[in-house]
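Biologist: I would like to learn how to read a model of this kind, feature by feature. Could you take me through the general idea each time and then show me the case at hand?

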Amino acid sequence: MAPSPRTSSRQDATALPSMSSTFWAFMILASLLIAYCSQLAAGTCEIVTLDRDSSQPRRTIARQTARCACRKGQIAGTTRARPACVDARIIRTRQWCDMLPCLEGEGCELLANRSGWTCTRHGGRRKTTTVS
């Protein structure tokens, strides 16, 4: 004897809430996992965007945006030409060369108005960074 349509629809109705709650539990778990994995470890930084403009001869203008998770007393800065968490005092006093922003073997000089720094290589190549 075949089940009546009435019993069959009742079974579907009880399966739907169970499936729905499983689906939502999975979605919540997935969103928590994504949120956890996208968090940075304390004291680290990552580059979010990097735009380069080489339209001018012998000159490249690069703009970089970084995301940092700095510890207390630190703020986003630059160490060895990479985003890094540095002592907040360096940023407040605008003593940019104290955060060691240049690569190994390059010299660091503050700009006259303290709006940034210049890294100079032995061959005379200069890389100027301004802070905005």
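Biologist: How many helices and strands does the chain have?

Modeller: Helices (H or I, at least four residues) and strands (E, at least two) are DSSP runs, numbered from the N terminus. The chain has two helices and seven strands, and from the N terminus on these elements run α-β-β-β-β-α-β-β-β. This is a predicted model, in which local features need pLDDT of at least 70 and side-chain atom pairs count only at pLDDT 80 or more, while totals for chains, interfaces and linings use all residues. Residues are numbered from 1 along each chain as its sequence is written, and side-chain values use heavy atoms, with hydrogens and water left out.

Biologist: What is the order of the strands in the open sheet?

Modeller: Two strands pair if DSSP finds at least two bridges between them. Here an open sheet of three strands has the order 5-6-7, and the pairing is antiparallel. Strand 5 (107-110) and strand 7 (126-130) stand at the edges with a single partner strand each, so one side of each is left without a neighbour in the sheet. From one strand to the next the twist averages 20 degrees, where axes are lines fitted to C-alpha atoms (for helices over the stretch in contact) and angles run from 0 to 180 degrees between N-to-C directions.

Biologist: Over how many bridges do strand 6 and strand 7 pair?

Modeller: Strand 6, residues 116-120, pairs with strand 7 over five bridges in the antiparallel sense, and Cys119 stands opposite Lys127 in strand 7. The hairpin of strand 6 and strand 7 has five residues between the strands, and in this hairpin Gly124 takes a positive phi near 95 degrees.

Biologist: Which residues make up the largest nonpolar core?

Modeller: In soluble globular proteins, nonpolar side chains tend to be buried together. A nonpolar core is a set of buried Ala, Val, Leu, Ile, Met, Phe, Trp, Tyr and Cys residues joined through side-chain atoms within 4.5 Å, and buried means under 20% relative accessible area, exposed over 50%, and partly exposed in between (1.4 Å probe, protein chains only). The largest such core has eight residues in all, namely Val86, Ile90, Trp96, Cys97, Met99, Cys102, Trp117 and Cys119. Taking contact to mean heavy atoms within 4.5 Å, and not counting residues up to four places away in sequence, Met99 touches Gly77, Thr78, Thr79, Val86, Ile90, Ile91 and Trp117. For the chain as a whole, buried residues make up 14% of the 132 residues. Among contacts between residues at least 6 apart in sequence, 15% join residues at least 24 apart.

Biologist: How many aromatic pairs does the structure hold?

Modeller: A pair of aromatic rings is described by the distance of the centres and the angle of the planes. Rings of Phe, Tyr and Trp (its six-membered ring) pair if their centres lie within 6.5 Å, and planes under 30 degrees apart count as stacked, over 60 as edge-to-face and the rest as tilted. The structure holds one aromatic pair: the rings of Trp96 and Trp117 have their centres 5.9 Å apart and their planes at 40 degrees, so the pair is tilted. Trp96 lies in the loop between helix 2 (88-93) and strand 5, and Trp117 in strand 6, so the pair ties together parts that are 21 residues apart in sequence. Trp96 counts as buried at 2% relative accessibility, and Trp117 is buried with a relative accessible area of 3%.

Biologist: What is the count of salt bridges, and which residues are linked in a network?

Modeller: A salt bridge is a side-chain nitrogen of Lys or Arg within 4 Å of a carboxyl oxygen of Asp or Glu, and by this rule the count comes to five. One of them joins the side chains of Glu46 and Arg67 at 2.8 Å, N to O. Glu46 lies in strand 1 (residues 44-53) and Arg67 in strand 2 (residues 61-69), so the pair ties together parts that are 21 residues apart in sequence. Glu46 counts as partly exposed at 32% relative accessibility, as does Arg67 at 35%. The network links Asp87, Arg89 and Asp98: the side chains of Asp87 and Arg89 meet at 3.6 Å, N to O, whereas the closest N and O atoms of Asp98 and Arg89 are 3.9 Å apart.
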